[in-house]
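Q: Here is a model of one protein chain. Please take a close look at a single part of it, and then follow the theme that it raises.

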Amino acid sequence: MDYRKLGQEITELVGKKDNIARLTHCATRLRFELHDISKAETEKLKALPGVITVVNNGGQYQVVVGNEVQQVYRVITQQMGSATRSAESKSDSGQNNGPKQKQSWISRFISVISTTFTPVIPAIIGAGMIKAILAVLVLTGLVTTESQNYYILNTIADAAFYFMPILLAYGASIKFETSPILAMTVAGVLLHPGWSALMAEGKDVFFIGVPVRLTDYAGSVLPIIIVVWLMSYIERFADRVSPSMIKFFTKPMIVLLITAPLALVAIGPFGTYLNDLVAMGAEAINARASWLIPLLMGTLQPFLIVTGTAWAMTPIATSQLTKNGYEMINGPGMLASNIAQGGATLAVALKTKNKKLKQLAASSGFTAVLGITEPSLYGVTLKLKKTLIAAMIGGGVAGIYAGLTGLVRYAFVSPGLAALPAFIGSNPMNIVHAIVTCLIAFIVTFALTWIIGFEDPVDDEEGNTNINDDKTLSQEPVKDNNPGTQSAATNANVPGQNELRPLTIASPMQGELVHLDRVPDDVFSLGLLGKGAAIIPAKGELYAPITGEVTAFMDSKHAVKLNGYDGEEVLIHIGVDTVNLKGRHFDSSIKVGDRVKRGDLLISFDIDAIKAEGYEVITPIIIANSDRFPDIKLEKQSPVEVGATIIHLS
């Protein structure tokens, strides 16, 4: 897929970059907040190759693109650069950025929670996985809770939750268009050791004669969001009253002098009261009907994802994790729902006679049982309808069991088989109940899907799949990038040339050939972008592994995509997260549209300099259209030279 082209087309169809107020992304969708929603051309967006669907809910305009979301997001944010700076300057000067969409208070609340939590998710997921690993180590006796190793690892895992107000302050500042640094500073005031010392003394505290309620803000959620919302107005006031010559000094001083005391004296305690009130309500429901919340979450999770309202329960779950060390709001029901989605999709994979649907269902079903369900939901169950009903029933049944047995989640991770260690904790039976929940969800849903059945799409005469007229499962024709040379698709119609033909991918660099699972990035290691291999480079030179055309080349010069004349599409990504280097330590003169031959030098890069900045240089070589090749074989792991065959295709 040409991510640059897709990103440009999406930007145009949401009303161009000037209409984008802000953009974030999750595992599979781009989350836009637009100045004027009426400018977005929804139907044209849905028709774009590479776009699965569009959801307009929860105060966000969400474009679902599947596993390629990071690549498309990077392209769009690069295009937004100048527009974003313009919008920020308008905000700083108090100017209106254009007409805003009128939203209900529920939509506004969900939009706030979504935008605030999205940047924080990597931190709390990483911390949650460390908690899960610790639970396994303790369970197996490899580590004891009294050891220093446990203490240090547990401190690392607890940090994200203890300093939650600081992390959330960043996301909230983006939502409310105020200074992230000042917002994080105010959050630091709430967590300062001096404040903890006052609490330890237990004496009455006053500020300019006003009594101050001593509250522990560690791990709190709502107080800092409310504080940053208020700070956004205080900052605009400080901007207006500060003389331009000394604004650099007076503006931050006014913001801190007003916001921090208000946070300690009034807003913080009020936010804590709301936080505790919501948590108490959830716990009261759980005490009287422990099965109810997991039943609703297990049944309705697909609906919450589609409507964009799945974020609504996140503050309660996060608060419970911080306060109690476990939560029962999101985790148990989501585990049941995710496994049910996987069960329904894998049943489709086994039952369908359609090759395209079988392949899509198999890959997305596997991803779903691991904990990421959107490819399964949008790609299969939502379109087949009956399978979605089966998944909701199976998720609900398993949710009832999870609730009745008191299943809880001890760490914030996306529930699925890969995250089962997050259900290991003080109650040794909890992991057993989690496994049984998975079995119930999978078996019930799989059986229902098999019995109820679904309308199996039929290939047309050209071998394309038609499923409710949805283009996401249809096979795109291979573009002939070389005039006068027949492509693989063209050859398929020539008598005597429609048999499988061997193709090879050469090593684009000198180094050690390894499997994709060595790449420390799930997008690559799980094969979400396609099958392939990886190389740990010994020399900073990247050569063309095939003869073809450059169809995508990042401005940061760290990634390139080539389309071969035999239909193969090869994506090469030098390093992990090296887009953040913004082109430093990379050198290349290629551009999109260039034709290259196997063995041509494409990119030079400085391995030592990249490593010095803290980035991995392991390089994935991905067959971006793996589904078109029924047989993909990799050479054995070993040192390789440039030009040596590393991948065989048929």
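Is Lys385 buried or exposed, and what is its relative accessible area?

A: Lys385 is exposed, with a relative accessible area of 53%. Exposed means over 50% relative accessible area, buried means under 20%, and partly exposed lies in between (1.4 Å probe, protein chains only). The model is predicted, so local features need pLDDT of at least 70 and side-chain atom pairs count only at pLDDT 80 or more, while totals for chains, interfaces and linings use all residues. Residues are numbered from 1 along each chain as its sequence is written, and side-chain values use heavy atoms, with hydrogens and water left out.

Lys385 sits in the loop between helix 16 (374-384) and helix 17 (386-404). Helices (H or I, at least four residues) and strands (E, at least two) are DSSP runs, numbered from the N terminus. The phi of Lys385 is positive, about 65°, although this residue is not a glycine. Most residues other than glycine have a negative phi.

Glu177 also has a positive phi, near 55°, and is not a glycine. It lies in the loop between helix 7 and helix 8. Its relative accessibility is 27%, so Glu177 counts as partly exposed.

Positive phi values turn up in hairpins too. Strand 13 (residues 548-553) and strand 14 form a hairpin with five residues between them, and Lys557 in the turn has a positive phi of about 65°. These strands pair in the antiparallel sense over five bridges; two strands pair if DSSP finds at least two bridges between them.

Strand 14 and strand 15 (residues 569-573) run antiparallel and are joined by five bridges. Here Val560 stands opposite Ile572.

Six of its six residues are buried, so strand 14 is largely enclosed by the rest of the structure. In a regular strand the side chains alternate between the two faces of the sheet. In strand 14, both faces are covered: Ala559, Lys561 and Asn563 are buried on one side, and Val560, Leu562 and Gly564 on the other. Lys561 is therefore buried, whereas Lys385 is exposed.
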